[in-house]
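Biologist: I've got the sequence and the structure open on my screen. Could you walk me through it?

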Amino acid sequence: MSFNCLKDLNGIQYANLSRLTMLKLNNNELSKIEFLDNLKNLKDLDLSCNKIRQIDQ
Amino acid sequence: MLDGISIDINEQIMAKDIFTGRLTEEILLQRLDGFTPQTVQDLDLSGCSLRSLPNPRDFDDIFNDSYFPNLRQLNLNKNMFQNVKIFGEMKKLETLILSQNKIELLYTTSNADQLLGLNGLQVINLSRTSKYST
């Protein structure tokens, strides 16, 4: 069990990441994915091995 | 000082605070591989045990456009950074690798402008925070 680990993405909404095409977040402890709607050019998102139970529409 | 008095734990901790986790000139020179900070486009600083230091200026002064004006790719895989406060403005940076660090938060109230200066980013790797970075 790891004690400090990325658990949420709070803060990413403040960055201007409109050119971002790839975001690798695998093997963390994320339980929800928020704030990713600003990433208009995202093509490749890796969320494997996290703690996400459901993805809302 | 060779006075026969052994150093205590506090002195050890203090020494560790002062000397570890820093980007020394030797490390940088070696990793620049013949380039200068002004010309380097691809910098690999992976596995250097670098960490967020109590005085944040240590890295603020380095990871910015005045120090690395042409940097496009920065590999910080396998270090000990705990946050992303270390970056200033780097307009040309396209790839930022922060996998296998100890990043817990992208946002802390003490510094709301993190990642703001990295508007050209195309690839961010934030995988495996903490698990392999003991």
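This is a predicted model: local features need pLDDT of at least 70, side-chain atom pairs count only at pLDDT 80 or more; totals for chains, interfaces and linings use all residues.

Biologist: Which residue does Lys91(B) form a salt bridge with, at 3.9 Å between the closest N and O atoms?

Modeller: Lys91(B) sits in the loop between β2 and β3 (95-97) of chain B, and its partner sits in the loop between α3 (57-60) and β2 (73-75), so the bridge ties together parts 26 residues apart in sequence. The partner at 3.9 Å is Asp65(B).

Biologist: And which residue is linked with Asp65(B) and Lys91(B) in a network of salt bridges?

Modeller: Asp65(B) and Lys91(B) already pair up through their side chains. The network of salt bridges also takes in Glu89(B).

Biologist: Is Arg31(B) buried, partly exposed or exposed?

Modeller: Arg31(B) is in helix α2 (residues 25-32) of chain B, and 13 residues away is Asp44(B), in strand β1 (residues 42-44). The two form a salt bridge, with 3.8 Å between the closest N and O atoms. Asp44(B) has 34% relative accessibility and counts as partly exposed. Arg31(B), at 26%, is also partly exposed.

Biologist: Over in chain A, is Glu29(A) buried or exposed?

Modeller: Glu29(A) is in the loop between β1 (22-24) and β2 (44-46), while Lys7(A) is in the segment before β1, so the bridge ties together parts 22 residues apart in sequence. Lys7(A) is partly exposed at 34%. The cut-off for buried is under 20% relative accessible area, so Glu29(A), at 9%, counts as buried.

Biologist: How many salt bridges are there between chain A and chain B?

Modeller: The structure holds six salt bridges over all chains. Between chain A and chain B there are 13 residue pairs in polar contact. The salt bridge count between those two chains, though, is zero.

Biologist: About how much area do chain A and chain B bury between them?

Modeller: The size of an interface is often given as the accessible area lost when the parts come together. The contact here takes 25 residues from chain A and 23 from chain B. Carbon and sulfur atoms hold 53% of the buried area, and the total is about 2,200 Å².

Biologist: Last one: in what order do the elements of chain B run from the N terminus?

Modeller: Chain B has three helices and four strands. Starting at the N terminus, the order is α-α-β-α-β-β-β.

Key: Residues are numbered from 1 along each chain as its sequence is written. Chains are lettered from A and ligands numbered from 1 in the order in which they are written. Side-chain values use heavy atoms; hydrogens and water are left out. Helices (H or I, at least four residues) and strands (E, at least two) are DSSP runs, numbered from the N terminus. Contact means heavy atoms within 4.5 Å. Buried area is the accessible area (1.4 Å probe) that two parts lose on being put together, summed over both. A salt bridge is a side-chain nitrogen of Lys or Arg within 4 Å of a carboxyl oxygen of Asp or Glu. A polar contact is a pair of N or O atoms within 3.5 Å; within protein, one must be able to donate a hydrogen and the other to accept it, and residues adjacent in sequence count only if both atoms are side-chain atoms. Buried means under 20% relative accessible area, exposed over 50%, partly exposed in between (1.4 Å probe, protein chains only).
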